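Please read it alongside the sequence and the coordinates.

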Amino acid sequence: MKKSIYLLPVVIVLILAGFFWFSLGKDPNRLKSVLIDQKLPLFDLSPIQGYNKGITNADFQGQVTLLNIFGSWCIACRVEHPLLMHLAKQQEVIIYGINWREKDPNAGSRWLRRHGNPYRLIGNDSHSKAAIALGVTGAPESFIIDKKGYIRYKHMGPIDNQTWYEILKPIIEDLRKK
Amino acid sequence: MNPFFIILVLLTTLTTIQKVYAVNPDEILNDPVLERRARDISKGLRCLVCQNENIDDSNAELARDLRLLVREQLKTGASNQEIIDYIVSRYGDFVLLQPPFKAQTWALWLGPPLFSILGIVAFIRLFYRQRRRTRNDIAMHSNTEEK
């Protein structure tokens, strides 16, 4: 009976080892956003060069939108771009773009001319004001915003077919019914 | 070479070595008090890009924008806590390099002292038991000798 106390450290070490083992598989870059189910922060983004309208909070009212953070400097954004183009063409969802941290004010519109523009509206965020307000840590990141302007989902990294069909699309369709 | 010259060179280089910060000269506020506070806040905030650096040391562009945001808010008269609270409200507790003491982090904060105490208690008990045993052994030994 008394001898069993010597097993206690072993048990504790095993529990800790198990905990650490499972933590190994977690990607530290994927942080759970604290903004889920919160109202979109206030923003009034100016348009990028060559466009005449930016984005304000009013633009999110009455429809479910996909808000995408992109930059011409962002390589992973190129990866997801064809899918965004496809979604826009098929009118699957309204996509708004936040053009994040362009040093050259023309770079964003030049990039869209070259690769196509899937965005209904584009806002300029050269000093990360909106990005920080949205808790963005890197590009691309995408948010699903419901009809009342609440953030319902955040996806970090490029959207691929699987993410779209298995995660984002069902959430969007569900929110549309509400 | 003149030894005096070598000493002079060593002295000047050694005394001018400083920790290199990522803060660019154009970011620094004119008001030294506000700048001091900006530094204090920045040191406690994690850079979200290079996660083991604080934003004061990080060269990431997001860190730079966060530093600028901190300074901008300081200039509008915000308190240190207000600024930190704002950034935590955007990025969560993860952005704080020192995790706050709350229900979710009890194990983190209380675990080490708890296990230290357990260890010390176990050690002391073992120590006294051992001493008692040795004493008994000696006593028994002397008893047998007397016989």
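This is a predicted model: local features need pLDDT of at least 70, side-chain atom pairs count only at pLDDT 80 or more; totals for chains, interfaces and linings use all residues.

**Interface of chain A and chain B**
- The area buried between chain A and chain B is about 1700 Å², with carbon and sulfur atoms giving 55% of that area, and the contact draws on 22 residues from chain A and 19 residues from chain B.
- Across this interface there are 4 salt bridges, and 7 residue pairs are in polar contact, both residues being at pLDDT 80 or more.
- On the side of chain A that touches chain B, helix 4 (residues 129–133) gives the most, with 4 residues, and by class that side has 13 nonpolar, 5 polar and 4 charged residues.

**Salt bridges between the chains**
- R101(A) and D65(B) meet through their side chains in a salt bridge, at 2.2 Å from N to O.
- K103(A) forms a salt bridge with E61(B), with the closest N and O atoms 2.8 Å apart; K103(A) lies in the loop between strand 4 and helix 3 of chain A and E61(B) in helix 3 of chain B, so the pair joins two chains.
- K103(A) is exposed, at 68% relative accessible area, whereas E61(B) is partly exposed, at 36%.

**Salt bridges within a chain**
- Over all chains the structure holds 20 salt bridges, and one of them pairs D37(A) with R152(A), the closest N and O atoms being 2.7 Å apart.
- Because D37(A) lies in the loop between helix 1 and strand 1 of chain A and R152(A) in strand 7, this pair ties together parts that are 115 residues apart in sequence.
- In chain B, a network of salt bridges links E35(B), R39(B), K43(B), D56(B) and R71(B).

**Helix 1 of chain A**
- Helix 1 (residues 7–24) of chain A reaches 26 Å from its first C-alpha to its last, close to the 26 Å expected, and the count of buried residues among its 18 residues is 0.

Methods: Residues are numbered from 1 along each chain as its sequence is written. Chains are lettered from A and ligands numbered from 1 in the order in which they are written. Side-chain values use heavy atoms; hydrogens and water are left out. Contact means heavy atoms within 4.5 Å. Buried area is the accessible area (1.4 Å probe) that two parts lose on being put together, summed over both. A polar contact is a pair of N or O atoms within 3.5 Å; within protein, one must be able to donate a hydrogen and the other to accept it, and residues adjacent in sequence count only if both atoms are side-chain atoms. Ala, Val, Leu, Ile, Met, Phe, Trp, Tyr, Cys and Pro count as nonpolar, Asp, Glu, Lys and Arg as charged, and the others, Gly among them, as polar. The expected span of a helix is 1.5 Å times one less than its number of residues. Buried means under 20% relative accessible area, exposed over 50%, partly exposed in between (1.4 Å probe, protein chains only).
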